[in-house]
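Morning, everyone. I'll take you through a few spots in one structure, starting on the surface and then turning to charged pairs. Have the sequence and the model up as I talk.

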Amino acid sequence: ESSAADSRSLIVLRFRILHFGGMEKTTLDIADIHCNCAIFGVYNASKTDASQFVYYGLHALQHRGQESAGILAARSGNIRGPKQPSVNSRSSSTSPVGNVSRGEVRDIASKPDLLQSKTEDEKNSSRISSSTDVTDLVEYEQEPSTMTLYKGFGLVLSVFNDPRIFSETLVGESAIGHTRYSTAGGVSTPANIQPFHVKYKDGNLAIVHNGNITNFKHLHKRLEAKGTLFQTSSDSELLLHLIAQSTRSSQPDQILDALSQLEGAYCFLILTDRFLFACRDPSGFRPLVLGRQGDVDTPGGATYMLSSETCAFDLVEAKFLREIEPGEMIALTTKSCRTGGKFTSYRIDPRKKQDAISPCVFEFVYFARPDSQIFGQTVDTVRHRTGIRLAEESPVGRLLKPGEKSPHPPVIVTAVPDSSNTAALGYMEECRRLGYDISYGIAIIRNHYVGRTFISPNQNARELKVRCKFNIVRRVVKDRIVVMVDDSIVRGTTSRQLIAMMRKAGALEVHFRVASPTVIGPCFYGMDFPTKSELLANRFSSFEELRKYLNADSLKYLSVEGMMKAVRQGDPRGVGTGSTPHGNKTAPYCGACFTGVYPVAVW
């Protein structure tokens, strides 16, 4: 809610929190790297389906955040009709064009006064689509939506553990949801759990956010100086205040005004009384995709969905349509869903050049699920190519001459499950193609039911957790040379412990191969990395010292060049210098954690 105090604009955002689950205080083990969030949204569904779709979508995206989860559902208010034009209006048309959200909207395309009342800044907001429907953007009388919120600490399954949550509380035709692993703003505070919901001068406003705002401190300080009161320690709250304080008249332009002030990585879903907005930062650090369930000619229109990854669409049987482009905001309305899904598209900041696009390469390396399609490519395919490049650079084994028998002891390749499974297969296949005698074996078994352990976060505790999480199949490794393939090494605790377990299980030699370069820097764009001093590669002056610490017989990383070749090989951005039918050799990606080169300034 907004109010004025003295000469200042004092913005107070009041958060509605209906429920928190699993709030007991725990001491958590510290893992190496976490993606901070996943977001999922549904628009134009039945009143009981929207929140359930979000629930299943978040369940599929659980790997992106495990500390908290929340869903907000919105039931549309009745539309009474368009607002009456002023006496100076040149309107002459009153013919109805259809029903929207249980009310009638009349065609006012011939009412230029209503369409031309924007400021010069609003006219220059640079829409990049010609699919704008006039009746979607004009103001009309509508009762406010009823928004209900349910969120708490824990996994999706544990927070939403009662069917009545969906049948009685989270009722509405649209819904947004969020799973979180905190980066900016601690998760221990209940108020930091998303979605966030407030009411401001133009009605309901709810958001979910994936990413990290790099100029958060600067904006926070500026807003506090104006009298803004913050209710959370999350950088996501900034957007609510910036929207509420915008001087622009229309809601889309208020949001564009707010987004243009943000720097860093963000994907937002913003649900209001009339719109569901999907927004992606101009650099395109994090993925955000659009899907559809049902045919476009379905009575009442198809249901549209937005997700951090396409794997969530598979679970709810939705069709993947396209990615939200870097620097794009699309506006979903009830009418646009009922008229073929022609959504209005805006450019968030026209000053940002397209060549500044920098999708996060670590999404391919580790975070995204292998069955997802992000940045125009299937994650599994890219990981397979990293394994091939790694084999080209650092094979293990003995080259066999034609007719020569396999040497003893045999050499096997095994993956550190689960994110390196495909890279290990690619490594083995390429080694064999090059003539090396090598085979694949499943030597490491992962316990998927460990969850969080109630142990103190020290080094011995981390080693204990490795043994809780992994075990070695002795028959596969005994009296053999083992090549372990992992997607990355961060602190090195897991890698060192696994090598020791391999030797204890009878492996004659243990060679370690990493399907990415050394991690040398933290991430400021939405990943929860250890500090620079905690990163293993920064603790040693040479690879030989690092190898001795891990106690591996050999240690090799994929080069930065090899990783980028694997990623760019199938890149669909076939434009500009270096483009080929097999990808784009110069397509930019963010690899700051590997190179120390950050594409967007960190304040």
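Start with Ile442. Ile442 is exposed, at a relative accessible area of 57%. Exposed here means over 50%, buried means under 20%, and partly exposed is in between, with a 1.4 Å probe and protein chains only. Ile442 sits in the loop between β24 (439-440) and β25 (444-446). Helices (H or I, at least four residues) and strands (E, at least two) are DSSP runs, numbered from the N terminus.

Before going on, the ground rules. This is a predicted model, where local features need pLDDT of at least 70 and side-chain atom pairs count only at pLDDT 80 or more, while totals for chains, interfaces and linings use all residues. Residues are numbered from 1 along each chain as its sequence is written, and side-chain values use heavy atoms, with hydrogens and water left out.

Now the charges. How many salt bridges does a search of the whole structure find? The count is 14. A salt bridge is a side-chain nitrogen of Lys or Arg within 4 Å of a carboxyl oxygen of Asp or Glu.

Take Arg280 and Glu323. Their side chains form a salt bridge at 3.3 Å, N to O. Arg280 is in strand β15 (residues 276-280) and Glu323 in strand β18 (residues 319-323), so this pair links distant parts of the chain, 43 residues apart. Arg280 is buried at 1% relative accessible area, and Glu323 is buried at 12%.

Next, Arg491 and Glu534, a salt bridge at 3.4 Å, N to O. Arg491 lies in the loop between β27 (481-486) and α17 (493-504), and Glu534 in the loop between β29 (527-528) and α18 (543-550), so the pair ties together parts 43 residues apart in sequence. Arg491 is buried at 7%. Glu534 is partly exposed at 30%.

Last pair: Arg547 and Glu544, with closest N and O atoms 2.6 Å apart. They are three residues apart in helix α18, so about one helical turn separates them. Glu544 is partly exposed, at 39% relative accessibility. Elsewhere, salt bridges with shared partners join Arg64, Arg286, Glu309 and Glu363 into one network.
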